Amino acid sequence: MINSKLAMFSSFRDPASRVLKSGNTFFRQINAAGMADFRQLNDSGLAKILTERGMLTPFQVAEDHGDSALLELQTIEFVNYPYEWCFGQLQAAAVLTLEITILALQHDMILKDASNFNVMFEKSRPVFIDHGSFTVYRPDTPWQAYRQFVMHFLCPLLMMKHCDIQYNIELKNHL
């Protein structure tokens with residue numbers, strides 16, 4: 001059983017994982033529904049490549065119970081959100097998401113969601129923070145996160161470029 005002294009910090013729509021907090025330390029709990037994907041992420045070497053390149057928040061496996069795991073995450077110094085970013089930051093986050101998707105495909109994985117909230121800026125670099133977003137790729141299936149990528153990255157970037165540079169505030173108004 002995962003350490004019961006941890007407080008749930010955030011719960012997202014993904015049944016495979018959730019974020020927990022203890023003091024100033026953040027954890028990601030990987031549930032039974034996400035363990036096969038997490039094992040592939042780790043065993044394929046993708047997690048190592050992404051963390052070494054500064055593309056994925058570093059983590060350590062704090063607990064591994066076979067059917068669940070608890071990851072201790074490196075803390076982001078300054079929490080930031082997409083609606084606070086300038087055009088260039090949103091663009092850099094979009095590029096990071098696509099680069100991670102390409103690398104994931106080379107390791108028989110893909111991102112199952114492409115929310116701009118899966119990225120934060122550590123100093124001036126975008127870093128992907130959702131270790132539960134990776135899933136095993138099934139050949140000949142479309143990218144299920146494509147619609148979300150368009151909604152969270154492509155459309156806001158186009159609106160900022162062609163209509164109003166401050167359009168990113170809509171990312172706050174329509175989470």
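Me: Which residues of α4 are buried?
Reply: In α4, the buried ones are Phe149, Val150, His152, Phe153, Pro156, Leu157 and Met160. Buried means under 20% relative accessible area, exposed over 50%, and partly exposed in between, with a 1.4 Å probe and protein chains only. Helices (H or I, at least four residues) and strands (E, at least two) are DSSP runs, numbered from the N terminus.

Me: What kind of model is this, and how are residues numbered?
Reply: This is a predicted model, where local features need pLDDT of at least 70, side-chain atom pairs count only at pLDDT 80 or more, and totals for chains, interfaces and linings use all residues. Residues are numbered from 1 along each chain as its sequence is written, and side-chain values use heavy atoms, with hydrogens and water left out.

Me: Back to α4. Where is the kink?
Reply: At Leu154, shortly before the proline Pro156. The kink is about 30 degrees. The bend at a residue is the angle between axes fitted to the seven residues ending there and the seven starting there.

Me: And Met151, where does that lie?
Reply: In helix α4, residues 146-162. Met151 has a relative accessible area of 45%, so it is partly exposed.

Me: Why does His152 count as buried?
Reply: Because its relative accessibility is 13%. His152 lies in helix α4 too.

Me: How far apart are His152 and Asn116?
Reply: In space, 5.7 Å from C-alpha to C-alpha. In sequence, they are 36 residues apart. For Met151 and Asn116, the C-alpha distance is 9.3 Å, at 35 residues apart in sequence.

Me: New topic. How many aromatic pairs in the whole structure?
Reply: A search finds eight. Rings of Phe, Tyr and Trp (its six-membered ring) pair if their centres lie within 6.5 Å. Planes under 30 degrees apart count as stacked, over 60 as edge-to-face and the rest as tilted. One of the pairs is Trp85 with Phe121, which is edge-to-face at 5.0 Å centre to centre, with 80 degrees between the planes.

Me: Which parts of the chain does the pair link?
Reply: Distant ones, 36 residues apart. Trp85 is in the loop between β5 (69-73) and α3 (87-105), and Phe121 is in strand β7, residues 119-122. Trp85 is buried, with a relative accessible area of 3%. Phe121 is buried as well, at 5%.

Me: What about Phe128 and Phe134?
Reply: Also an edge-to-face pair: 5.8 Å centre to centre, 65 degrees between the planes. Phe128 has a relative accessible area of 1%, so it is buried. Phe134 is buried at 2%.

Me: Which residues do ring pairs link into a cluster?
Reply: Tyr81, Tyr83 and Phe117.

Me: Now the largest nonpolar core. Which residues touch the most other members?
Reply: Leu46, Leu50, Ile100, Phe128 and Phe134, out of 35 residues in that core. The largest share, seven residues, comes from α3. A nonpolar core is a set of buried Ala, Val, Leu, Ile, Met, Phe, Trp, Tyr and Cys residues joined through side-chain atoms within 4.5 Å.

Me: How much of the protein counts as buried?
Reply: Of its 175 residues, 46%.

Me: How many helices and strands?
Reply: Five helices and nine strands.

Me: Which residues line the largest cavity?
Reply: Ala16, Ile30, Gly34, Asp37, Phe38, Leu41, Lys112, His131, Gly132 and Phe134. On a 1 Å grid over the protein atoms alone, a cavity is a set of points where a 1.4 Å probe fits but cannot get out, and lining residues have an atom within 4 Å of a point. Helix α1 (residues 35-43) gives the most to this lining, with three residues.

Me: How much space lies in there?
Reply: About 40 Å³. Grid points are joined across faces, edges and corners, and a volume is the space filled by probe spheres set on the points.

Me: Last one. What is phi of Asp108, and what of Asp140?
Reply: Phi of Asp108 is near 60 degrees, a positive value in a residue other than glycine. Asp108 lies in the loop between α3 and β6, and is partly exposed at 49% relative accessibility. Phi of Asp140 is near 65 degrees, again positive in a residue other than glycine. Asp140 is in the loop between β9 (134-136) and α4, and is exposed, with a relative accessible area of 78%.

How values were computed: 1 Å grid on protein atoms, 1.4 Å probe; cavity = no way out; pocket = protein on both sides within 12 Å on 5 of 7 lines; lining within 4 Å.
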